[in-house]
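Have a look at the picture first, and then we'll talk about what holds its pieces together.

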Amino acid sequence: MTNPWVVYLLVPMVKIVVILGAITLAAAYLSYFERRLVGFLQIRLGPNRVGWQGVLQPIADALKLFSKEDIIPTRAEKLVYLSGPVLIIVPALVVFSVIPFGPPTNLFGLLPQAIPPYLTDINVSVLFVLGVSSFGIYGIILGGWASNNKFSLMGGLRSAAQLISYEVPMGFAIVAVLLMAGSLSLVSIVEAQRQAHVWYVFPGFVAFFIYFICGVAETNRNPFDLPEAEAELVAGFHTEYSGMKFAFYFLAEYANMVVVSSMATVLFFGGWLRPFPSWGWLGFLDVVPPVVWFLAKVAAFLYCYIWFRGTFPRVRFDQLMALGWKVFLPVSLANLMVIGTLIVLFGGGR
Amino acid sequence: MTEYIPVFIFTVVALLFPFLAVGMAWIVRAGKRDAVKLEPYECGIEATTFAHDNRFSIRYYLIAVLFVVFDVETVFLYPWAVMYRKLALFGLIEMFLFLGILIVGYIYAWKRKALQWA
């Protein structure tokens, strides 16, 4: 395994194909679970006709979107309009290259040596995730503007304002984790939680709360889905997108939900670590592979996303802005100061 | 820098993905297009003005300016947070000074109703 072609091309390519397939499938089936779950919460059935209990529904949807009529409106700015889906899907996918799904493994002895199940570990992963995922806003605002449709323009502007407003408290919430972990690498942050014998959600529950609510707002999900509010904006920034171009906006939204859930898992819930990693009598939990722990935690957050959608009514736009700037921003700043002071006073549990 | 090579490969693959998928769908796409269908959607009535002729609220710009200020502050806090264990008390005092200045600006913006939507 020292051949550079194997190390730098073959192994990453295999991982990329697996990750790409997994994200696409996960996003497709997330939409199925969302529809079934919201159906259950609203006491109706949801899609249950295609295949057993409707499990083939996402496949049918994908085929339908693939063969749909593909329109470019005459008044749209053509080049910018067509680059919208590309600009939103590329960041949503590339972020997954630094998400640590688990520790290095040799797949129960199938591989000659242990390789990490994540694509790469860079020493600025947190900055990478924040920077690259913020790039997706270009897809939304340029797509909304280039459609030359009033609904799309308003949706794009609202989305931009919402994303940048919630980016600030989200950044402060993550700084609180960095204070405790002392590293920007996601793998090191998980290892730091093992050494600290505690998931960071316990000392940093305020930061976690702010992070996750901001994450819901960043992905334009209920109750913060004003950019696409059906009742007033008719799907907002993607009103004029049809067929596969719409499919990419859709895919990016669900992929971003998985990113936010994965980051919440890594930063606050110990990534691939089992619950209470320092309690010896819970050692029997180690029979569950670390990757399964990671995926289970991510699934729990995704469930919360759908649960929010089934539970909360949509907020008004001025309420949304007030919540971000007047509540979350001061609270996250105060939280940062308290955690910083506590670490100096007590050494932060290390 | 070798750990960035997979990121680069992934970016190339991720760029190819939408082009291939939209291109293939373009070949098999259904339907007939006509002039009316290709107009921007406007609840079924004929549009008299278009989005690019209209103006929108100045507040969106104001939010963008505020964001630049606060996000730059966040970016300064990242390296500080990573080195916090070494800086210890000095780091804490520095942070209180830094965030103190930020909070004064924040209160000013709040008092001038920059955070007030409508």
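A salt bridge here means a side-chain nitrogen of Lys or Arg within 4 Å of a carboxyl oxygen of Asp or Glu. Keep in mind that this is a predicted model. Counting over all chains, the structure holds eight salt bridges.

| Pair | Closest N and O atoms |
|---|---|
| A:Arg35 and A:Asp61 | 3.0 Å |
| A:Asp70 and A:Lys245 | 2.3 Å |
| A:Arg194 and A:Glu191 | 3.2 Å |

Start with A:Arg35 and its salt bridge to A:Asp61. A:Arg35 sits in helix 1 of chain A and A:Asp61 in helix 2 of chain A, so this pair ties together parts that are 26 residues apart in sequence. A:Arg35 is partly exposed, at 36% relative accessible area.

Next comes A:Asp70, which pairs with A:Lys245. A:Asp70 belongs to the loop between helix 2 and helix 3 of chain A, while A:Lys245 is in helix 10 of chain A, so the pair links parts 175 residues apart in sequence. Are these two buried or exposed? Both A:Asp70 and A:Lys245 are buried.

The A:Arg194 and A:Glu191 pair stays within helix 7 (residues 186-195) of chain A, with the two partners three residues apart, about one turn of the helix. A:Arg194 is partly exposed at 37% relative accessibility, and A:Glu191 is partly exposed too, at 28%. Elsewhere, salt bridges that share partners join A:Glu34, A:Arg221, A:Glu253 and A:Arg309 into one network.

Now for the place where the chains meet. How many salt bridges cross the interface of chain A and chain B? Zero, by the rule used here. Several helices of chain A each supply at least two residues to the side touching chain B, among them helix 1 (4-41), helix 6 (150-181) and helix 12 (317-346). Helix 6 of chain A gives the most, with 18 residues. That side of chain A divides into 53 nonpolar, 17 polar and 14 charged residues.

In all, 84 residues of chain A are in contact with 67 residues of chain B. The area buried between the two chains is about 6900 Å², and carbon and sulfur atoms give 76% of it. In chain A, the residues losing the most area to chain B are A:Lys150, A:Trp325 and A:Lys326, together 10% of what that side buries.

Finally, chain B itself: three helices and zero strands. Its radius of gyration is 25 Å, well over the 13 Å that the globule rule gives for 118 residues, so chain B is more spread out than a compact globule. Its C-alpha trace spans about 70 × 50 × 15 Å along the principal axes, and 32% of its 118 residues count as buried.

Definitions and conventions:
Residues numbered from 1 in each chain as written. Chains lettered and ligands numbered in written order. Predicted model: local features only at pLDDT ≥ 70, side-chain atom pairs only at ≥ 80, totals over all residues. Heavy atoms only, no water. Contact = heavy atoms within 4.5 Å. Buried area = accessible area lost by both parts, 1.4 Å probe. Helix = DSSP H or I, 4+ residues; strand = E, 2+ residues; numbered from the N terminus. Nonpolar A, V, L, I, M, F, W, Y, C, P; charged D, E, K, R; others polar. Rg over C-alpha atoms; globule rule 2.2 N^0.38 Å. Buried < 20%, exposed > 50% of the residue type's maximum accessible area, 1.4 Å probe, protein only.
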